[in-house]
Every structure is written in C-alpha cells, then in structure tokens.
Amino acid sequence: IRCWSNIPFITVPLSRAHGKSFAHRSELKHAKRIVVKLGSAVVTRGDECGLALGRLASIVEQVSMLQNQGREMMIVTSGAVAFGKQRLRHEILLSQSVRQALHSGQSQLKDMAIPVLEARACAAAGQSGLMALYEAMFTQYSICAAQILVTNLDFHDEQKRRNLNGTLHELLRMNIVPIINTNDAVVPPPEPNSDLQGVNVISVKDNDSLAARLAVEMKTDLLIVLSDVEGLFDSPPGSDDAKLIDIFYPGDQQSVTFGTKSRVGMGGMEAKVKAALWALQGGTSVVIANGTHPKISGHVITDIVEGKKVGTFFSEVKPAGPTVEQQAEMARAGGRTLAALQPEQRAEVIYRLADLLTDQREEILLANKKDLEEAENKGRLALPLLKRLSLSTSKLNSLAIGLRQIAASSQDSVGRVIRRTRIAKDLDLEQVTVPIGVLLVIFESRPDCLPQVSALAIASGNGLLLKGGKEAAHSNQILHHLTQEALSIHGVRDAVQLVNTREEVEDLCRLDKLIDLIIPRGSSQLVRNIQKAAKGIPVMGHSEGICHVYVDMDASVEKVTRIIRDSKCEYPAACNALETLLIHRDLLRTPLFDQIIDMLRVEQVKIHAGPKFASYLTFSPSEVKSLRTEYGDLECCLEVVDSVQEAVEHIHKYGSSHTDVIITENEKTAEFFLQHVDSACVFWNASTRFSDGYRFGLGAEVGISTSRIHARGPVGIEGLLTTKWLLRGDNHVVSDFSENGSMKYLHESLPVPQRNTS
C-alpha cells in the first residue's frame with residue numbers, strides 16, 4: 001500500500017501477479033490483450049469542436065482487424081468534451097432568436113458571441129453521441145462495443161475495482177470491445193501533478209493514467225498511447241536537436257527535457273511517460289506514437305503490433321551494445337575520419353585485412369562450419385543458398401587477392417580532381433571525388449560479401465553499416481572483428497559497423513537521415529522488399545539476374561558448349577548465371593543443337609521449353625511457366641528465335657538488364673547485338689560469369705547494378721563515390737560580373753592532374 005495526496009491505494013492490483021513485459025519490439029506480435037489509448041488531439045478536430053471522423057474510422061478499422069485476429073482489444077478514449085461542445089454550441093445558436101439569425105445576414109451570424117462552455121456540461125452532452133458513433137463504426141465490422149465510465153474513486157474502492165474487473169473480463173469473453181473513459185461529467189477539477197516525481201504511484205486524473213491503471217489491472221500485454229507527436233523526444237519536439245527516442249528505459253527520464261502538453265487534453269508528454277513507466281513496472285509493454293499523422297495513422301496500430309519501428313517503445317531490457325541509430329552515427333563519424341586519411345593509410349588497412357583473412361583462416365572456417373551445421377540441422381536453406389553460405393580456403397585466398405587489388409587501385413580514388421575550370425581571373429573551380437557517406441549493405445547467406453564490401457567502403461572513405469542474415473551469424477561476427485582489427489591500425493575502428501540487434505530490414509530502410517545509400521545483396525525477393533521499404537534512401541542493385549545467351553546461326557561449334565556450360569553450370573546460384581538459352585531457328589535438328597542438349601543432360605540441367613520451342617517438338621520438356629524466371633539452380637529455359645533482332649526483342653521484353661551474351665563468328669551480327677541490347681553488361685563469345693567486379697579488375701564489387709543512373713554493372717570503388725565542387729577565389733562577388741561590372745567570365749578548361757594508374 002502506498003499513498004498519494006493522503007489517499008491510500010494499491011500500486012499494483014492484488015488480483016495481478018507481477019508480469020513480465022516484452023523485451024523487444026519483435027515480440028509485440030504475440031500480444032493477446034491490448035489497450036489503445038486515444039488522446040484528445042487524436043479524436044478531436046483541429047478546431048477542438050467536433051470529432052476527426054476520418055481518423056476515428058481508421059482507428060476503429062485497425063482495432064476491428066486485430067479483434068478479428070483473436071486478440072482482446074480495449075479502447076480508452078477522449079472526445080466526449082469536444083463532441084459535447086459541438087452539440088451545445090449548435091443548441092445555443094438555435095436557442096438565440098431564430099428570426100434574428102435568419103434575417104440579420106451571414107456576417108452577423110458569424111459574429112454572434114458563443115459563451116465559454118463548462119467542460120463537465122460538454123462531457124455530459126457528448127458521451128452518448130460519442131458512444132453511438134463508436135457503435136455505428138464497429139457494427140460495420142460485425143463487432144459489438146460497450147461503454148464503461150470510471151472515476152478515480154472506482155479504483156480506490158476494493159469492491160468497485162473487483163466489479164470493474166469482472167465486467168471487463170466478461171465483455172472480453174463475449175468478444176466485445178470495451179470503450180472506457182473517465183466520467184468527465186462528475187470528475188473534480190484536475191489537481192496539480194504532485195506525484196510526477198516518481199513512478200511508484202499513480203492516480204486516475206486523465207486518460208493517460210486511466211489507461212495505465214486499466215492496463216495493469218487487466219494484466220494487459222500491450223498499451224498503445226496515441227497522441228499528436230511521433231513519440232518521446234530527447235528534447236522538446238520542434239527544437240533543432242530534437243531526436244525521436246526509439247526505445248526508452250526506466251531511469252532515462254532524467255535525460256529528457258519535456259515540452260508543453262498537446263493542444264487539447266489533460267496530460268502532457270511528462271504525464272504520458274509517467275503513466276507508461278508505471279504500466280511497464282506492472283508488466284505491460286507500452287508504445288507512445290502519433291495517431292494524427294495522415295501518412296501513418298491509417299496503419300499505426302497494426303504497425304506497432306507487427307513490431308515495426310513506430311513511436312517510442314518502453315522496455316525494461318537495455319541492450320548490451322549501441323542502438324542502430326548510434327551505430328549509424330558512429331559509422332558517419334568514422335567514415336569522415338577515414339576519408340581524411342592519406343590514400344596510403346586506407347590502403348594499409350585493406351592490405352592488413354587481406355593478411356588477416358589468410359592468417360586467421362582456421363578460426364574463420366571453424367565459425368563458418370558452425371553456421372553450416374546449424375543451417376543443415378534446421379533445414380531452412382536450399383542447396384544454392386548453402387553453397388553461398390560456405391567458405392573454403394580457396395575462397396579466402398581469392399578474397400585476399402581481390403582485397404589487395406582494391407588496395408592497389410585505391411590510391412587516388414578519394415579527392416581526385418576530375419574537372420578544373422577558370423571561372424574568372426583568380427577564381428578557379430574544381431570538381432573532386434568524395435565518399436557518398438554512410439552505406440547500408442544488407443546481404444543474405446554470403447559471408448564473403450562482408451570483407452569485400454568493407455574493403456570497398458574503406459577504399460572510398462565511406463562509413464558502413466552491415467546487416468547480414470542470421471544464417472551466417474558466426475561467420476559474419478569473426479569477419480567483422482577482423483575488419484575492425486584492421487581499421488584499428490589508423491584509429492578508425494568505428495567506420496564499419498555490424499548490426500546485431502533485432503532490427504527489421506524495413507525499419508533500417510526508414511533511417512533516411514542517417515543512411516545515404518542502401519545496397520542489397522541477396523535474392524530477388526529481398527531486393528524487391530528493400531526497394532519497396534526504402535523511404536527516401538536510394539537503393540543500388542538489381543531485383544533479378546535473368547541472363548541470356550543467344551546462339552547465332554554463325555556460332556562456332558567449339559565455343560558454344562564451353563560458354564553455355566560455364567555460364568550455367570560453373571555456379572548456377574550466382575546472379576550472373578545463364579537462365580534463358582536462345583537458339584537460332586536454323587540450328588534446330590543440327591549436330592550443334594544435339595551437342596548442346598547432350599551437354600546439358602550430362603550436367604543434369606533441367607530444361608524448360610519456351611512456347612515457340614515447344615511448338616517444334618512432339619514430346620517436349622516441361623513448358624516454362626514464365627519467361628521471366630531466375631532459377632538459381634541447374635535449370636534453364638530454352639527458346640527459339642528467328643533472328644538476332646528477335647533475340648534482342650526477347651531480351652528486352654523478358655530480361656532484367658543484367659548480363660546478356662551472343663555467340664557468333666559474324667562480327668556484324670555481334671556488333672548489332674552489342675549496340676542494341678540495353679543491359680548493364682553485354683558480351684560477345686564470353687561467359688555470362690565474367691560479369692563480376694573481381695574479373696573486371698575492380699578487386700571486388702558491392703553488387704551489380706541494373707540502374708540507369710550513377711553506377712551500372714559491377715559496382716567497385718568508382719560507384720561508391722560522388723563529387724563536390726571547390727571554388728577558390730579572392731574577394732569575388734557576383735555583382736562584379738553584371739553588365740556594368742568590372743569582371744568578365746572566362747570559363748576556361750584547365751588541365752586535370754594525371755591519375756596515378758600504377
């Protein structure tokens with residue numbers, strides 16, 4: 001028993017055993033019993049007179065959806081005062097002289113004085129209408145709602161508390177949504193917030209405290225508090241340095257400066273935090289979020305329950321490491337320090353990482369073995385993904401060679417002058433290369449991607465956030481440790497960060513103020529999901545690798561089977577592997593065609609017949625379901641075309657602009673193909689597998705881009721750089737260059753320093 005304002009009451013109800021709140025957002029999807037608190041600013045219109053019907057309808061829809069999923073939903077709502085104010089104002093206008101209102105003109109009607117309305121009277125007038133509105137809305141979803149009005153005294157009287165508890169449980173048992181509100185028609189005026197210094201006591205004096213008290217009383221899993229701000233900020237929202245707090249922990253309130261309360265309602269953010277911490281202490285998880293923002297209010301409740309990064313999540317479990325936001329800031333600061341190093345120093349870091357890959361080979365392979373064993377035991381990875389997950393001595397040696405290539409070619413990547421112009425006398429302009437900023441690279445089942453991407457980021461002076469798949473957790477951990485060890489030789493350890501928190505990819509894609517470029521490395525589904533989720537952050541990559549090989553009528557017999565075998569069978573899981581084989585019609589039923597089919601059978605490649613190829617056969621292989629399929633395995637589509645022009649048209653219609661090949665001895669035909677195929681990589685008499693940063697001499701790649709801006713094809717160091725302009729003058733002003741000014745523009749091109757290619 002504790003006391004507040006000389007009134008004893010129980011801090012955690014006797015009927016409730018001390019529960020355990022959820023530790024992470026990802027666990028919120030398991031919430032069964034949920035209280036949604038709707039603040040006055042959420043329910044009312046901007047003029048504070050009447051309800052925001054659109055928002056209210058959206059909230060009812062979301063609550064209904066969750067209720068129909070089998071959850072137990074309760075609503076603590078404001079709005080009775082605002083609704084009553086609207087009704088009473090209308091009644092007052094009507095009660096005034098109707099004739100005067102009708103005959104005095106619209107301008108006088110507007111100027112009629114409306115007396116200040118007493119809040120309790122407004123609440124009394126508005127309660128029935130508010131509940132009728134809720135009932136009408138919930139009826140649309142075949143859900144029944146029930147109203148409960150409470151006061152602070154209802155929680156102080158043991159018998160009333162038990163009655164309230166029993167009523168709520170019975171309503172929930174019958175699948176009815178209880179709608180609870182303080183009985184504002186009879187409540188006394190609000191008392192000062194004398195109990196805000198601690199979180200051990202709480203009294204019901206506003207709907208924030210009511211929601212918290214109710215959540216604990218009913219052993220609720222989750223309390224969602226909707227207001228007109230995004231959540232809790234470390235300083236008043238709107239101030240220059242204000243940052244939204246993603247996760248708030250007990251004890252952190254001393255580091256927060258509270259602003260003013262919302263435009264309507266009894267409680268400010270300080271009251272919300274106090275109520276939230278009290279509920280958290282009672283075992284209920286809490287999220288404070290914005291219920292008024294037009295872009296998110298239509299799905300804010302369901303997003304919170306799905307574990308998405310919305311608002312401020314209150315948790316008792318503080319992670320051991322930094323948050324992802326802190327990691328991004330560390331990567332930003334580390335990247336800037338990295339970019340300021342001498343080129344030789346950045347190269348030293350990469351050389352050191354290459355040495356560590358071979359020196360620590362046994363530890364790396366041991367960690368990778370753990371990942372492979374766990375993946376095989378759980379059976380969650382297909383064979384192609386298992387191959388990508390696997391590391392070997394030869395892979396590590398190849399990685400080390402590629403990293404040394406990057407180090408050697410990175411000497412003048414950052415700060416290289418690519419254009420010089422003399423604007424006027426003593427006014428010289430330079431365009432120089434600079435890092436993009438902070439890169440977020442998300443990769444699946446590819447631990448070898450981590451040192452490759454890290455080396456390219458180091459060479460280009462970029463900060464780096466890495467998010468690997470959990471299937472490669474052990475491998476990624478040791479490779480990241482070695483990367484930071486290499487970075488430590490010049491004090492830039494923080495420039496490369498590995499995200500180990502339970503951060504959802506979709507949430508990472510929303511950090512548009514912290515991340516400058518997202519590079520996905522993985523399945524086409526992963527890339528599509530990231531492109532869809534990215535909010536204001538450019539995404540570099542390709543969603544599919546549908547690569548074609550066209551065998552022309554003038555193709556060499558010796559070259560055809562070698563190139564097709566290498567393109568399809570050397571590494572079928574790669575994004576640059578052959579997926580569709582186009583054959584010139586004149587080659588059907590020739591020895592060359594038979595050789596191609598025999599080779600594919602020997603290599604155990606399953607053939608899917610394209611529609612045109614199937615029409616030539618009496619008994620054909622299984623017909624292809626789609627000509628836009630990336631198999632990623634020993635399977636391919638075989639289709640027939642009448643000419644090189646038709647081959648080009650087919651590639652443009654069904655390809656993914658990745659890599660496409662022609663096999664022919666006719667130079668004119670080859671040049672037509674090379675010039676007309678609009679893909680990132682177009683080859684003549686060479687395997688599709690050459691589409692790779694290492695094989696191009698780039699050392700490695702962060703991925704292959706099919707985008708048409710910035711970087712295209714295998715993306716190495718050059719693709720991770722942008723430019724800035726440096727202007728050096730001497731007291732120059734634009735007015736000197738006016739028609740009657742003393743200076744004239746020269747715009748002379750100046751020689752650019754020669755690039756060191758040694």
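This report walks through the pockets, cavities and helix pairs of a predicted model.

## Before you start

Residues are numbered from 1 along each chain as its sequence is written, and side-chain values use heavy atoms, with hydrogens and water left out. Because the model is predicted, local features need pLDDT of at least 70 and side-chain atom pairs count only at pLDDT 80 or more, while totals for chains, interfaces and linings use all residues.

## The largest pocket

Let's begin with the largest pocket, which has a volume of about 1,700 Å³. On a 1 Å grid over the protein atoms alone, a pocket is an open set of points with protein on both sides within 12 Å along at least five of seven lines, and lining residues have an atom within 4 Å of a point. Grid points are joined across faces, edges and corners, and a volume is the space filled by probe spheres set on the points.

There are 44 lining residues, and L244, D246, K309, E325 and L511 are the closest to the pocket's centre. By class, the lining has 15 nonpolar, 10 polar and 19 charged residues (Ala, Val, Leu, Ile, Met, Phe, Trp, Tyr, Cys and Pro count as nonpolar, Asp, Glu, Lys and Arg as charged, and the others, Gly among them, as polar). Domain 1 (25-92 + 117-187 + 200-314) and domain 2 (324-417 + 432-533) each give at least three residues to this lining; the bounds come from an automatic or database domain assignment.

Elements giving two or more residues to the lining include strand 8 (247-248), helix 12 (324-340) and helix 20 (524-533). Helices (H or I, at least four residues) and strands (E, at least two) are DSSP runs, numbered from the N terminus.

The whole structure holds 3 cavities of 30 Å³ or more, a cavity being a set of points where a 1.4 Å probe fits but cannot get out. The second largest cavity has a volume of about 40 Å³. Its lining is made of T77, Q127, L130, M131, Q147, L149, I179, I180 and N181. Helix 6 (119-139), strand 5 (145-150) and strand 6 (177-182) each give two or more of these residues. The lining of this cavity has 5 nonpolar, 4 polar and no charged residues.

## Two helix pairs

Helix 21 (residues 557-569) and helix 22 (residues 591-602) pack at an angle of about 25°, with their axes 10 Å apart. Helix 21 is therefore roughly parallel to helix 22.

Helix 13 (residues 343-359) meets helix 18 (residues 473-487) at about 140°, with axes 8 Å apart, so the two are oblique to each other. Axes are lines fitted to C-alpha atoms, for helices over the stretch in contact, and angles run from 0 to 180 degrees between N-to-C directions. Angles under 35 degrees count as roughly parallel, over 145 as roughly antiparallel, 65 to 115 as roughly perpendicular and the rest as oblique.
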